[in-house]
Amino acid sequence: MGSLALPPYKISEVDLAKSLHESCQYGAAHRYGKASTETGMARLSLDDSDKQVRDWFIAYAKSLGLKTSIDQMGNLFAIRPGRNNDLPPVMMGSHLDTQPTGGRYDGILGVISGLEVLRTLNDHGYETAGPIGVVNWTNEEGARFPKMAVSSGVWADVIPLETAWDLREVLAANPKSMKEELDRIGYCGEQPASYRSNPFAAHFELHIEQGPILEDEGLKIGVVHGVQAFKWFNITVKGRDSHAGTTPLYARKDPVLSASKMLVAANTIAKKHDGLATTGIFTTDPGTVNTMAHTVKFTLDLRHVKDEVLAEMVKECEAEFQRISHDDSEKGCEVDWELLVDSPAVKFNQECISVVEQSAADVCSTLPQNAEGKLWRPMISGAGHDSCYTNRVCPTSMIFTPTRSGISHNPTEYCSPEDCALGASVLLGAVLRYDKLQVQSSGIEPGLDLTPLDGTVSQSIFSPGGGINWDMSFDQHGIDQPFDFFANGELPNLEPLDDPTPSDDYGEIPIATPSKTADLPASPTALFERLSFDQRPDHSTSLIGFSNESDPFSLNHFPYSSSDEVDFYRVAYRRQQHAFSANPPIHFLQSQTGTAIESQKIVDKCMSSLGDRENLEKLVDRETGVALVKLYFRFVFEDLPILSRSVVFEDLNKFVAEASTGLLAGIYALALPFTPWDEKLCLDSAYFKPDVNDLWQVSYTCLQKELHFPRLSTIQIFLLLLNHTPFDVVVVENPFVWSLAASMLAMAQSLGLNVNPTGWKLPAWEVRLRRRLWWAVYVEYTWRAVTHGRSSMISDDDWDVSPLTSADFTLDPAATIPESIRDQSLDYFIRLCSLTNITSGICRQFFSLRAASRPQVLESLLEQARGPRQQLLKWLEDLPESLALRPEPGDSDADDSVKSHRSLYVAYYTTHILVLRALLRPIIDSNTQLNHVQSSVETVLQACRGLIQTVIKFIRGLDARHQSAFWPAYTRNCLAYPGLFCYMLCLQKRQPDMTAYDQNLLATWRKTLRTRMQSWPFLRFAIVKVDAIYWKKLYQDKN
């Protein structure tokens, strides 16, 4: 992070205690001692005492000179300005509402400490780089309105505003809604309750532990890394009310007895899984002494640190409650479940955790030490907090202080004044560190005593720092050396290549001038046809999206004619100029229909009467089909785990005989290239091999028939078809492929694959398969959206399938599976899913129409890039050993096995390129003034060069073992990204002395592709993209 010089400020123990107890005069209750502070609290959200403390908060904040605001959920914000108030504020937050029998510290400590942090900065006259603030979240406890942390959930766009407003208070004779009570006490603000209009740079929450661990271990601070998963339920048990004296036991339908047994069962299940089960509300109706109740309602709170274990606890409770209600309750009862809260396990932001750890170490270093010399520890929170929601949309972490005897939600809840002040001082240090850190990353505060930006962006991404090994060297042409991305401004020994390649003379070549013929058609009619998209004969048109391999911001530098067109061989680029220069660049690709004639022929044939089972078995007999299925599992399954090994290998011959025809045809087609690895097929294929296009024809025809009555096999066929490489590998994919991907997504949603099936009453293999299929759809669709430059139609609100784990690849014990298939690695696909999730977020952040339409301000883009960059580094750091990119053995004959995991790195490099492309936008725009952030510009450019060098060496390290592997079809497009990214770098004019160097990088990339294209046709699409740049001499942009 660099050296962050911080002032030695501490929070006053006396001032903090005074402010805290002053705020507790509103809603004080449940006296347990003689001192004025020895009371609990009964300050329910939006009651009169809550209005009073809100008034107090606003008055205190204004006395400190803070800017206050209120949003539509009554959340209170108080902001202290900094030097650059265009930055979003670093916020401290918690809540002032309590339980009906609560204490003085839960939530309250976090809000009051935030105010005291700001008062301390005022007292010392300290000016922060950006704004710092404190927030009081409404109804965190959920004690009055039955949804905990509802207002931070609305702010995070997780809970709809109207849903929150309509919540009605519990246990009230005439229950009011949240909206009614917000209006009544005058705290329904006009500011939208959304992070989109009120963003935070980060959110830090100081809180009492609410448990005994810190006190028992003699520690002072807990650094919270995450929060355990929990679910809240309303359980209703219905029986029959009858007389207590006249109804014998055997004739009773007693819901109280059933519910009591259920509580015992829930606790037994929780103990078995090392989890927690709690019931806080238990009501009976009608509730008289001598009448059995007809209805019992109780709450059930289940918790565990792991999502999957919690899901199993819920499943077991559901089954046991059902058994009790039917079989263990005399005449039987009915039980219903209502889910109130579903909070998955939370992992806080590593950068936020790090600044808290550093602050805790500093603060605790001044205290008498224990034997270990460490007074703080990492922790997982057992309770839910507002930070669970803020963590979804901004970097977040929490700080715990000790709680006496671990007691909370109780009037005697207590944290000593000393421990309160220590926690607040850690909060102060963490906030100041993060304030400097975000400016350090944005590079816009040269006056601060910070490590220069080139020590954060470029080093963090591209150097062996932070425990991440970026030495990607491997033995290539007898040279084993790490990349030094900034060594003497030269490429580190990328030349010469063993195979000779004619040099590219790119000096003193004039820019090609479009001919008059291309510039201006001869007649008005021809001009109209050229300007029209639909009426241009023999051409189809598609929009070039912002994340497409051809970046629209760099396409602005093409030599467009006066009709805004530039012709290439069989394709033309068309530019659409906006009336306002602030709009994003819009470009279209017009392709001659002849470029897709072969694919059109296949599609036309597909709709014939072919495609039935008989035709497939004429192409591939069943014995060959069994061998091809085995090859699929051996060479493709790790990348595309869309089949159930347990089902297929339960009876492989039966699977080949009965499986979906379209599914089998797709499996055969993808397995066909690997026939040399089968002892029998290697000979058969030498004389006869089925036409792979005939197989794809069968698969596509069957898909059209299945669409009307879809099954899981329909999704499997979609995925197989999308992984068929084009008929001509140099052809740009037409919109049909994108529509196929979109149709797959729609069908997956129709089948409910976007809903987590964990706990469903399905065979275990089917639950596992449904989860894998959703993630396979998510991966395939997302990468198609990236490479086609389209916005994803997957909304985070519309799916809840948790990340895959090894449990999703479990094999049924009864299945007889070949050892080579049983022992396959699960790591590749699991890591690809997590990387795709990061990539999807980057595309939403930088490549949506709205994002590209905003002013492209480098400082803002750098700030936005910090989070994704950290995610990418963490992803790389967490890669298991099986996926590590390490030097290969010196003897290339030592291991001739196929290496199938290199496509994962292609996807990783593509994601990095997307981030850096966004940062290059203002740099290649000659109209943007960047002199004030020149150091940031230089850092970004160096990072771009370093990445290109890394990719060049990576490609050179791919030999026949890697090229022979299965490569997902979208990686063909990904391999075109580095060349066009390098072209974009050549457009920069901020460092004229590096122009030749950048052009040399492009030439080196071109040579690297040329020397490998013949042996690996998969690269042909990438080389055509670069050749087009040289054909038009575009790398010598003179704009």
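The structure described here is a predicted model, and aspartate 796 takes part in a salt bridge with arginine 844, in which the closest N and O atoms lie 3.5 Å apart. The two residues are 48 positions apart and link distant parts of the chain, with aspartate 796 in the loop between H27 and H28 and arginine 844 in helix H29, which covers residues 827-846. Arginine 844 is likewise partly exposed, because its relative accessibility is 42%.

The predictor's confidence should be kept in mind when the model is read. The mean pLDDT of the protein is 84, and 84% of its residues reach 70 or more. Over residues 442-531, however, the pLDDT is below 50, although this stretch has 180 contacts in the model beyond near neighbours in sequence. Residues 889-893 also stay under 50 in pLDDT, and for these the model has 3 contacts beyond four places in sequence.

Side chains of opposite charge can pair when their charged atoms come close. In this model the count of salt bridges comes to 33. One of them is formed by arginine 771 and aspartate 808, whose closest N and O atoms are 2.5 Å apart. This pair, too, links distant parts of the chain, since arginine 771 belongs to helix H27 whereas aspartate 808 lies in the loop between H27 and helix H28 (819-822), 37 residues apart. Arginine 771 has a relative accessibility of 5% and so counts as buried, and aspartate 808 is buried as well, with a relative accessible area of 5%. A further salt bridge joins the side chains of aspartate 959 and arginine 961, with an N to O distance of 2.6 Å. Here aspartate 959 counts as partly exposed at 26% relative accessibility, while arginine 961, with a relative accessible area of 11%, is buried. Elsewhere, salt bridges that share partners join Asp48, Arg144, Glu169, Glu181 and Arg184 into one network.

Attention then turns to the strands. Strand S6, made up of residues 132-136, is largely enclosed by the rest of the structure, because 5 of its 5 residues are buried. In a regular strand the side chains alternate between the two faces of the sheet. In S6 both faces are covered, with Ile132, Val134 and Asn136 buried on one side and Gly133 and Val135 buried on the other. Strand S4 (residues 76-80) runs antiparallel to S6 and is joined to it by 5 bridges, and within this pairing leucine 76 has asparagine 136 as its bridge partner in S6. Strand S5 (residues 90-94) pairs with S6 in the parallel sense, again over 5 bridges, and the partner of valine 90 in S6 is isoleucine 132.

In another strand, S9 (residues 229-238), lies threonine 236, which counts as buried because its relative accessibility is 15%. Apart from residues up to four places away in sequence, threonine 236 touches Thr295, Val296, Lys297, Glu334, Val335 and Asp336.

Val755, Trp760 and Leu762 make a nonpolar surface patch of about 220 Å². Valine 755 is found in the loop between helix H26 (735-750) and helix H27 (764-788), and at 34% relative accessibility valine 755 counts as partly exposed.

How values were computed:
Residues are numbered from 1 along each chain as its sequence is written. This is a predicted model: local features need pLDDT of at least 70, side-chain atom pairs count only at pLDDT 80 or more; totals for chains, interfaces and linings use all residues. Side-chain values use heavy atoms; hydrogens and water are left out. pLDDT is the predictor's confidence in each residue, from 0 to 100. Contact means heavy atoms within 4.5 Å. Patches are made of residues with over 30% relative accessible area and no salt bridge: like charges are joined within 9 Å, nonpolar side chains (Val, Leu, Ile, Met, Phe, Trp, Tyr) within 5 Å. Accessible areas come from the Shrake-Rupley method with a 1.4 Å probe; for residues, only the protein chains shown count as cover. A salt bridge is a side-chain nitrogen of Lys or Arg within 4 Å of a carboxyl oxygen of Asp or Glu. Helices (H or I, at least four residues) and strands (E, at least two) are DSSP runs, numbered from the N terminus. Buried means under 20% relative accessible area, exposed over 50%, partly exposed in between (1.4 Å probe, protein chains only). Two strands pair if DSSP finds at least two bridges between them.
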